There are 2 protein chains.
Amino acid sequence: MTDDDAPRTPVPRRRGRPARTEGSGPGARERILGAARAEFAEHGYDKASIRGIAKAAGVDPALVHHYFGPKEQIFAAAVEVAMTPALGAPDAVAEGGPEGAGERLTRFFLGVWEDPVTREPLLAILRSAVANRTAAAVFRDLVATRLMARVAGHLEGPDTRLRSELAAAQLVGVVMMRHVIGLEPLASADLEEIVAATAPVVQHHLRAET
Amino acid sequence: MTDDDAPRTPVPRRRGRPARTEGSGPGARERILGAARAEFAEHGYDKASIRGIAKAAGVDPALVHHYFGPKEQIFAAAVEVAMTPALGAPDAVAEGGPEGAGERLTRFFLGVWEDPVTREPLLAILRSAVANRTAAAVFRDLVATRLMARVAGHLEGPDTRLRSELAAAQLVGVVMMRHVIGLEPLASADLEEIVAATAPVVQHHLRAET
């Protein structure tokens, strides 16, 4: 639980070009973001450093601060990129009738985790969030605003936010046991079998049939 | 993902006293185990070392090997201790009628995570398992044999093992979002409210009502 790179005082952003800007210019921001994602994935939030990100991107550390601010904000930018494939979840709930919402959400969300290309960046974030409170807070805020609030907005009845989270909990638990812990037979089960067994439960939470 | 402490060749265990045994004697094994739990909790599986455990326990590293074997086996011993409070889960399913099995399992499992005394050691294991494949394998084997196989043994119908895991997935997801990510309103919701909303789902998986 270290926050070595957290500023002691607020860091003003975009206050003009840093003194040394070698490696800046078009594409520098994207290069830094790519380097940050790799640095967080390899070392986790705790051990990742602005210096390491700057070195991998071939820029001065001041340029990293210039574009993104402190480490926490670079991590937030990296999380946003990794989460992009999952952001279709609220649309999966909304499009089509309420009858099939649970199945659509289940198939969409678990599908994002089936493909290693979309899974690995999400796993990297999850590792950082489990290991570090600051990373967990960044992840929590983005999940709350980009996913849970939007899913809840498509539901009817009481406690829409809590019910969205309980539906998500069923799916997050499947992901944990299938892709992180690797518990059999869940880890090797056919996706359609898992969808068939899980969708009714997700639907139950979304519809609040009590 | 380092295995620095994994032996290149199998390490024979209990082949007699190591050369230096200062700090050994009655209680040494328990002292080493306590030091190992603290070391894994503080540094995670990757960074924990036999040397660090030995130092904290006040014994020679050879004595750590003597009692436990390689790092992987010390971790397994530490996981077993941390998991002890959760091992009542299969009994919670078995005792009483099948009607209330979902509610009993839900209340028991979530209850273990409500108390910081039992929660923190489990969170420490979870962090190691999410970050490291070897730690995940150790955790997986113990969860499979000590929990899932025994819960499944109390169920009837097809796919008892998969259904046990899907029930557990709902509960693990609640724990992740309530205690690890801290997503509101789930993080602050009354436990009884969560039990009321989750138990029917757990029961659905355990009973395979399709």
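This is a predicted model: local features need pLDDT of at least 70, side-chain atom pairs count only at pLDDT 80 or more; totals for chains, interfaces and linings use all residues.
1. Fold of chain A. Of the 210 residues in chain A, 48% are buried. Among the contacts in chain A that join residues at least 6 apart in sequence, 68% are between residues at least 24 apart.

2. Extent of the contact between the chains. The size of an interface is often given as the accessible area lost when the parts come together. Here the area buried between chain B and chain A is about 3300 Å², and carbon and sulfur atoms give 73% of that area. Within the part that chain B buries against chain A, Val130(B), Glu165(B) and Ile181(B) supply 18%, which is more than any other three residues. Counted by residue, the contact takes 41 residues from chain B and 41 residues from chain A.

3. Polar features of the contact. How many salt bridges does the rule find across the interface of chain B and chain A? The number is zero, although there are ten residue pairs in polar contact between chain B and chain A, with both residues at pLDDT 80 or more. Four helices of chain B, namely H7 (116-131), H8 (133-153), H9 (160-180) and H10 (191-207), each supply at least two residues of the side that touches chain A. The helix that gives the most to this side is H9(B), with 13 residues. Sorted by class, the side of chain B that touches chain A has 27 nonpolar, six polar and eight charged residues.

4. Helix H9 of chain B. This helix has 21 residues and reaches 28 Å from its first C-alpha to its last, a span close to the 30 Å expected at 1.5 Å a residue. H9(B) is also mostly covered, since 17 of its 21 residues are buried. Just after H9(B), Gly182(B) takes a positive phi of about 70°.

5. Backbone points to check in the loops. Most residues other than glycine have a negative phi, and most peptide bonds are trans. In chain A, a cis peptide bond with omega of about 10° joins Glu184(A) and Pro185(A), and Pro185(A) has its place in the loop between helix H9 (160-180) and helix H10 (191-207). In chain B, a cis peptide bond with omega of about 10° joins Glu184(B) and Pro185(B), with Pro185(B) in the loop between H9 and H10 of that chain. A positive phi, near 50°, is found at Asp159(A), a residue other than glycine, which lies in the loop between helix H8 (133-153) and H9 of chain A. Asp159(A) counts as partly exposed because its relative accessibility, 47%, falls between the limits of 20% and 50%. For Asp159(B), phi is likewise near 50°; this residue lies in the loop between H8 and H9 of chain B and, at 46% relative accessibility, counts as partly exposed.

6. Salt bridges within the chains. Over all chains, a search of the whole structure finds 14 salt bridges. In one of them the side chains of Arg146(B) and Glu80(B) meet at 2.5 Å, N to O. Arg146(B) lies in helix H8 of chain B and Glu80(B) in helix H4 (residues 71-83), so this pair ties together parts that are 66 residues apart in sequence. Both partners are partly exposed, Arg146(B) with a relative accessible area of 32% and Glu80(B) with 33%.

7. Further charged pairs. The side chains of Glu192(B) and Arg107(B) also meet in a salt bridge, at 2.5 Å, N to O, and this pair links distant parts of the chain, with Glu192(B) in helix H10 and Arg107(B) in helix H6 (residues 101-114), 85 residues apart. Glu192(B) counts as partly exposed at 40% relative accessibility, and Arg107(B) is partly exposed at 33%. In chain A, Glu103(A), Arg107(A) and Glu192(A) are linked in a network of salt bridges. Another salt bridge of chain A joins the side chains of Arg119(A) and Glu120(A) at 3.7 Å, N to O; here Arg119(A) is buried, with a relative accessible area of 15%, whereas Glu120(A) is partly exposed, with 36%.

Key:
Residues are numbered from 1 along each chain as its sequence is written. Chains are lettered from A and ligands numbered from 1 in the order in which they are written. Side-chain values use heavy atoms; hydrogens and water are left out. Contact means heavy atoms within 4.5 Å. Buried area is the accessible area (1.4 Å probe) that two parts lose on being put together, summed over both. A salt bridge is a side-chain nitrogen of Lys or Arg within 4 Å of a carboxyl oxygen of Asp or Glu. A polar contact is a pair of N or O atoms within 3.5 Å; within protein, one must be able to donate a hydrogen and the other to accept it, and residues adjacent in sequence count only if both atoms are side-chain atoms. Ala, Val, Leu, Ile, Met, Phe, Trp, Tyr, Cys and Pro count as nonpolar, Asp, Glu, Lys and Arg as charged, and the others, Gly among them, as polar. The expected span of a helix is 1.5 Å times one less than its number of residues. Buried means under 20% relative accessible area, exposed over 50%, partly exposed in between (1.4 Å probe, protein chains only).
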